Amino acid sequence: MLGLRQKLSLGFGGLLLIILIIGIQSIKHLTQLGSSIDVILRENYRSVIACQEMKESLERMDSAILFILLGEKERGRALVQKNEAVFEKALQVELNNITLPGEGKKAVLLQDLFKQYQATLQGMQKLKPSIRVQRDTYFNKLLPLFVQIKETADDILRMNQQNMSDANEQARRSAALAERQMYILLLAGMLVAVGFVLFTRRWILRPINRLIRSAEEIKQGNLELVVQTDSRDEIGQLSQTFNEMASALRESRRSDQTRLTRMQRATEQTFKSLPDAVAIVDPVGKVEVTTETARNVFGIKPGKQIQNLPLRWMGEIFTEALRTGRTIRPSGEQRVIQHFVNGEEHYFRPEAIPILDRENEPTGVVLFLQDVTQERKQEELKRGVISTVSHQLRTPLTSIRMAVHLLLEEKIGTLTPKQVELLMAAREDSDRLHGILNNLLDISRIESGKVQMNFQKVSPHLMVFEALEPFQMDFKDRNVTLGTELQDDLPEVWADSARIGHVFANLLSNALRYTPPGGSVTVLGKADEEWVQFSVSDTGKGIPSQYLPRIFEQFFRVPDQGTETGAGLGLAIVKEIVEAHGGTVKVESRLGEGSTFSFTLRRADKMIREDEEP
């Protein structure tokens, strides 16, 4: 059985052979035609021209003899000498161009006759001037020689003309033969090409089209097909390999289906044992798998559409996770969801986690509602303890501060320098403890919602200017540059300007504390469709990356930051204030390059439009 390569070689080889034959035949016939033309031009044509010149010169010599007979001897002799030279030259050409049988004999005869003619003519000229004698010599001797010479030259001329005619006829026949051969070879080439095309369709195109249709069937999910194999060439081997591939895919699909079924059942059993509410939702919002808690507490059941559930926030975080491809954790009021289970108050922290494929495209979302009731109770207990302790400590601390103040004023007696030094240290520590208690009370009030926020439309430029003004001298004394980069068209924000001023004050004081002299601190502002983002960026020492996730926790302080650090409540207050406004706060930092703290506030025009909606 011929392979595909041999079949293609056979087809193209036949075409190449025909082309080679056509080329060889063309060269052969062109060479023959060239030879015929060369014979005509090089051999016979020279003899024809020479014979014509001899005849013409001989006739002129005969005319010259008439001049001599008529008495014009000088003129006659001059013509005779001139044409004798022409005749001899043409005769020499003919003698050197003998190409035909019998042509040489006639040329020699022509040479002898001309010598006799010359001798007779010279003898006639030496006779005494007797017209009668000269006339008798001309008619009896010269004229017969003239006729013989002319007839001999005509014979040679006719021989060469006949040969030229024969060569022309032979060239014509060769051209006709070459034309017929070319037609035959071209017809044979066309037949071979058509046959090759037909066999190519049978050998190559038809099996390839069959493979294409089979691939389309596999693309549609039909793995049960078998490609017919008609040959054992490369196409046949490809078809056999294709069948083996389809068989392997069928086996793999069966194995995958078995594995998928096993995993699905294991997942369902695992889901049933989970204490939290978890649901897997496909890209169109249809619930696929849920836990018992999700079904019993929130009514999230398989087959339902997530957008049709009465929990609006759940559809929002599902849509956002599917759109962005990242985990969504609600902020603000939706950070923790209150829900009653069997008449008892429970709290759940929602989270939407996208399921990504290999190309990082979302193929579904996992909705996770963690029960944080115990954590919430512990936080409330902690806030209660902190609030109680803070209130209990505030009254005696106030008395201590007042006593220290009176002693330093020396209203109850003069103090020694050592006593003043001790009292000054006591006043600083009491002031610091007073600040910590105030911060704890602020955090407790904000978390419990007891702080009344005075929300109103505020100009970002004015708010930033008022926040920077108290720090101008401090930055100047520390030799740290303080600048702003705010968009000119920043919209108004919906905020409590006093509370946001406290946020700026905390961030600016931290930036000043950790930025060395010669550095810079920049306040930036930019807006998008819903939010205005403010950032405080410094060129300080930066924060190690392992501490960034805990930077906003209460009482957390970054190690090895010097003795100027506070109690670790400032950034926690910042986070509580920003989240009370419905915004978010984040930090970006690189060790040795500085830090950037950013927070967002809602645009006032966006808030107004939402309030106007029914």
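Begin by selecting helix α2 (residues 73–95) and helix α3 (residues 103–126), whose axes come within 11 Å and cross at roughly 165 degrees; axes here are lines fitted to C-alpha atoms, for helices over the stretch in contact, and angles run from 0 to 180 degrees between N-to-C directions. Helices (H or I, at least four residues) and strands (E, at least two) are DSSP runs, numbered from the N terminus. This is a predicted model, in which local features need pLDDT of at least 70 and side-chain atom pairs count only at pLDDT 80 or more, while totals for chains, interfaces and linings use all residues. Residues are numbered from 1 along each chain as its sequence is written, and side-chain values use heavy atoms, with hydrogens and water left out.

Stay with the two helices: α2 and α3 are therefore roughly antiparallel to each other, a term for angles over 145 degrees. To look at where they meet, show the side chains of α2, including Val80, Phe87 and Leu91, and those of α3, including Val108, Phe114 and Leu121; contact means heavy atoms within 4.5 Å.

Next, select the strands β2, β1, β5, β4 and β3, which in that order form an open sheet with antiparallel pairing; two strands pair if DSSP finds at least two bridges between them. At the edges stand β2 (287–290) and β3 (337–341), each with a single partner strand, so one side of each is left without a neighbour in the sheet. Neighbouring strands of this sheet are turned by 30 degrees against each other on average, direction ignored.

Then move on to another open sheet of five strands, in the order β7-β9-β10-β12-β11, where the pairing is mixed. Its edge strands are β7 (481–486) and β11 (585–590). Between β10 and β12 (residues 594–602), which run antiparallel, there are seven bridges, and the partner of Val532 in β12 is Leu601. Helix α10 (residues 460–468) lies across β7, β9 (520–527), β10 and β12.

Finally, colour the chain by pLDDT, the predictor's confidence in each residue, from 0 to 100. Over residues 610–614 pLDDT stays under 50. Where pLDDT is low, the predicted coordinates should not be read in detail.

Terms used: Angles under 35 degrees count as roughly parallel, over 145 as roughly antiparallel, 65 to 115 as roughly perpendicular and the rest as oblique.
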